[in-house]
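Visitor: I would like to learn how to read a model of this kind, feature by feature. Could you take me through it, giving the general idea and then the case at hand?

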Amino acid sequence: MQDKSKAKHRYQKAKPAGLYTSNDRQYVYGDNTPRSKGRTTSVLFVILPILMVVVLAGGFLLGYVTYQNQNNQKENPVTANENYISPEQQKTLYRIVSIADPIDRSYVPDTVEYKGIPVSEMMSNSLENLVNASVKDGISLSLKVGYVSYDGQHTMYTDYVNDLLSTGKYTQVKAESIANRKICDSGNSERQLGLLVEFDCDDKEKFNETEEYRWLDKYGAEYGFMQRYTKANEQRTAMDNDYTLWRYIGSDNALLARKLGLSFDELIDYLES
């Protein structure tokens, strides 16, 4: 008796050697027939372009977000002293003003008033934090002078010269020489930056003997302030020591200067080296 299963297969075409695909249904598949790779290849041709598009789109989006963040930072005003300092503001923060390196009359900083006294907005928050912290420690710091304009500085200078002349002890040349080491004429003072503040006291020469000065000396750097003119730096600055004049330079810089034992001028040399 003839085997029906063999008879059934006798008239069917034999599958050529090679891979089977989904279109080869007319052939008889045995258990050892190789699996088709046709569908896998088709799927890969579809998925790979999609993945490439997704990767490229993600890279573009990341680059765009980074670009926008950088632009926003450049355009944002200073909202808090330590949060953002633009390149131009940083130049001002590090600016040294003196007879040898004067500032132009046209320079006028953005200022705000702190208890009725104009100061640079770059340091206004830090100044307020400084004073508030001193109050918590039982210390009362009072501001006497902040920003002084070009013309206002000339008025301060001439008033000082006239006070010296009124004593009858000094010639015009001598009086101006003394004034240049104490006050400075227009364009030669950092008061015009709005970053130099003068604290009020009964006796400037003995301010270092007060609790206010000792507190400033201990904690001022934490708020970005350092004494601008010291005895050790008189030759470099061509200014007499003044315990009441403190310069804002930012807390990181002030703490670094204190750690290294540097004056403001020496700190700038260090940062530029």
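Predicted model: local features only at pLDDT ≥ 70, side-chain atom pairs only at ≥ 80, totals over all residues.

Visitor: Which strands form the open sheet, and in what order?

Guide: Strands of a sheet pair through backbone hydrogen bonds, either parallel or antiparallel. Two strands are said to pair if DSSP finds at least two bridges between them. Here 4 strands form an open sheet in the order E3-E4-E6-E5, with antiparallel pairing. Strand E3 (143-145) and strand E5 (225-229) are its edge strands, each pairing on one side only. Ignoring direction, neighbouring strands of this sheet are turned by 50 degrees against each other on average, where the axes are lines fitted to C-alpha atoms (for helices over the stretch in contact) and angles run from 0 to 180 degrees between N-to-C directions. Within the sheet, strand E4 (residues 196-199) and strand E6 (residues 242-248) pair in the antiparallel sense over 3 bridges, and Val197 has Trp246 in E6 as its bridge partner.

Visitor: Where does the hairpin of E1 and E2 take a positive phi?

Guide: Strand E1 (residues 111-114) pairs with strand E2 (residues 117-120) in the antiparallel sense over 4 bridges, and Glu113 stands opposite Pro118 in E2. The hairpin has 2 residues between its strands, and Lys115 takes a positive phi near 50 degrees.

Visitor: Which residues of H4 are buried?

Guide: Buried means under 20% relative accessible area, exposed means over 50%, and partly exposed is in between (1.4 Å probe, protein chains only). The buried residues of H4 are Ser124, Ser126, Leu127, Leu130, Val131, Ala133 and Ser134. Across the protein chain, buried residues make up 35% of the 273 residues.

Visitor: How many disulfides does a search of the whole structure find?

Guide: A disulfide is a pair of cysteine sulfur atoms within 2.5 Å, and the search finds 0 of them. Cys184 counts as buried at 4% relative accessibility, whereas Cys201 counts as partly exposed at 22%.

Visitor: How many aromatic pairs does the structure hold?

Guide: Rings of Phe, Tyr and Trp (its six-membered ring) pair if their centres lie within 6.5 Å; planes under 30 degrees apart count as stacked, over 60 as edge-to-face and the rest as tilted. The structure holds 6 aromatic pairs. Phe207 and Tyr213 form an edge-to-face pair, at 5.9 Å centre to centre and 75 degrees between the planes; Phe207 counts as buried at 2% relative accessibility, and Tyr213 counts as buried at 12%. The rings of Trp215 and Tyr219 have centres 5.2 Å apart and planes at 45 degrees, so this pair is tilted. Phe207, Tyr213, Tyr243 and Trp246 form one aromatic cluster.

Visitor: Which residues does Lys231 touch, not counting residues up to four places away in sequence?

Guide: Contact means heavy atoms within 4.5 Å, and with that exclusion Lys231 touches Asn241 and Tyr243. Lys231 lies in the loop between E5 and helix H8 (234-237) and counts as exposed at 57% relative accessibility. Lys231 and Tyr243 are 12 residues apart in sequence and 9.5 Å apart in space, C-alpha to C-alpha.

Notes
Residues numbered from 1 in each chain as written. Heavy atoms only, no water.
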